Amino acid sequence: MRAVAVQAFGATPEVVHVPKPTPGPGEVLVKIEYAALNPFDWQVADGLLDGRAPHVFPLVLGLDFAGRVDVVGPGENRFVVGDAVYGQAGRPPVGTGTYAEYVTVPQDSTIAGVPDGLALRAAAALPTAGMTALQILRTGVALEPGDSLLLVGAAGGVGSALTQLAAARDLRVVAVVRGDERERMRALGAVYAIDATEESVREACARAVPGGVDAVIDLVSADTESFDAYASLMRPGGAALSTRGAAPPGKGVNFRLTATGALLDALAAAALAGEVHLPVDAEYPLEKVPEALERNRAGGARGKTLFVP
Ligand SMILES: NC(=O)c1ccc[n+]([C@@H]2O[C@H](COP(=O)([O-])OP(=O)(O)OC[C@H]3O[C@@H](n4cnc5c(N)ncnc54)[C@H](OP(=O)(O)O)[C@@H]3O)[C@@H](O)[C@H]2O)c1
């Protein structure tokens, strides 16, 4: 089957031919209709998990998928051939990803049925970004309706999902973006959008929420200094969270997604209820993966990029 892989950490991804996988006991083979790009994909290609998990090369990239069950492996299984499914294919060894025509997934892992009424294309955009947003709101920061949160990097995948899910919970989102995204962020449910290229985030945040925000969720800062600068915009006793490991010990939460099938079910329900819909900003064939990954690395994401094998 065709797939996109790197031959070594840091190498340019390329289209390769690898054997079509066979589902083992309790697994399903999914024919992928859409794979979605996450920054994690190029981070893994760069060696993010080197030394922390076993890898196979050529390392097929990609985590998120939506498609249909093509073959059910031996033994009991909750899925049948033809089921519409979506999820994350993230089990070790790293390198059996979803930028491919097929992927095998254990039926009890991060896979869920796509309910009637939710298109596969819409479902494909959701897994990592949507589960991250949902879990941050459920367990990452404790917020009550009416509370305010400063969301740094709000225009991308996680940010767009978080803005919508937070607004559905009556939270007041102050979105930090680069560029004039006021209209788009307000349409997603933000009460205020700050263009970090045009104004001081500190001054604009103080104008939006005098006294400091109840929480800061930082999707952007890769170092503690930048994280601290945003965290200082919180009221005393507020909560700060980083998705990039930038929170210094004792000063905030370094969030790590614990992905589950149950979380995917909750996400699909939220999508069906109209609480979250991730805009797709581009759809490409596998040949375009290298340039799409480079573009994402450079920033500027305004929704999700999908690949069609
Ligand atoms: N820890 C976890 O479990 C976990 C889970 C999911 C994601 N993540 C991480 O969280 C980060 C965000 O993920 P994502 O899927 O939302 O990425 P994405 O879709 O690529 O979006 C990132 C967004 O950040 C914006 N941005 C970059 N620098 C900015 C700045 N200085 N100020 C404001 N906005 C800025 C980018 O737009 P502009 O460049 O135009 O500003 C882009 O819209 C990634 O690093 C990802 O790896 C971690």
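Biologist: Which residue forms a salt bridge with glutamate 181?
Modeller: In this predicted model, glutamate 181 pairs with arginine 184, and their closest N and O atoms are 3.2 Å apart.

Biologist: And is glutamate 181 buried or exposed?
Modeller: Glutamate 181 counts as buried, at 14% relative accessibility. Arginine 184 has 21% and counts as partly exposed.

Biologist: How many salt bridges are there in the whole structure?
Modeller: A search of the whole structure finds 14. Among them is the pair of glutamate 275 and arginine 169, with the closest N and O atoms 3.8 Å apart.

Biologist: What is the relative accessibility of glutamate 275?
Modeller: The value for glutamate 275 is 29%, which counts as partly exposed. Arginine 169, at 31%, also counts as partly exposed.

Biologist: Which residue forms a salt bridge with glutamate 199?
Modeller: The partner of glutamate 199 is arginine 207, with 3.3 Å between the closest N and O atoms. Glutamate 199 is partly exposed at 27%, whereas arginine 207 is exposed at 53%. There is also a network of salt bridges that links Asp46, Glu294 and Arg297.

Biologist: Let us turn to aspartate 41. Where is it found?
Modeller: Aspartate 41 belongs to helix H1, which covers residues 39-46.

Biologist: What covers the buried residues of H1?
Modeller: The cover includes strand E1 (2-6), strand E3 (27-36), E4, E7 and H9. The buried residues of H1 are Asp41, Trp42, Gln43, Val44 and Ala45. Just after H1, glycine 47 has a positive phi of about 110°.

Biologist: How do the axes of H1 and H9 cross?
Modeller: They come within 9 Å and cross at roughly 100°. The two helices are therefore roughly perpendicular to each other. Pro39, Asp41, Trp42 and Asp46 of H1 make the contact with Leu293, Asn296 and Arg297 of H9.

Biologist: And what about H3 and H8?
Modeller: The axes of helix H3 (residues 127-140) and helix H8 (residues 261-272) come within 10 Å, at a crossing angle of roughly 95°. That angle makes H3 roughly perpendicular to H8. Residues of H3 including Met131 and Leu134 meet Leu263, Leu264, Ala266 and Leu267 of H8.

Biologist: Now the backbone. Which residues does a cis peptide bond with omega of about -5° join?
Modeller: It joins phenylalanine 57 and proline 58; proline 58 is in strand E4 (residues 55-60). The peptide bond from proline 92 to proline 93 is cis too, with omega near 0°. Proline 93 sits in the loop between strand E6 (84-88) and strand E7 (94-96).

Biologist: What is the phi of aspartate 170?
Modeller: It is near 60°, a positive value in a residue other than glycine. Most residues other than glycine have a negative phi. Aspartate 170 lies in the loop between helix H4 (157-168) and strand E11 (172-177) and is exposed, with a relative accessible area of 52%.

Technical notes
Residues numbered from 1 in each chain as written. Predicted model: local features only at pLDDT ≥ 70, side-chain atom pairs only at ≥ 80, totals over all residues. Heavy atoms only, no water. Helix = DSSP H or I, 4+ residues; strand = E, 2+ residues; numbered from the N terminus. Axes fitted to C-alpha atoms, helices over the stretch in contact; angles between N-to-C directions. Parallel < 35°, antiparallel > 145°, perpendicular 65-115°, else oblique. Contact = heavy atoms within 4.5 Å. Buried < 20%, exposed > 50% of the residue type's maximum accessible area, 1.4 Å probe, protein only. Salt bridge = Lys/Arg side-chain N within 4 Å of Asp/Glu carboxyl O.
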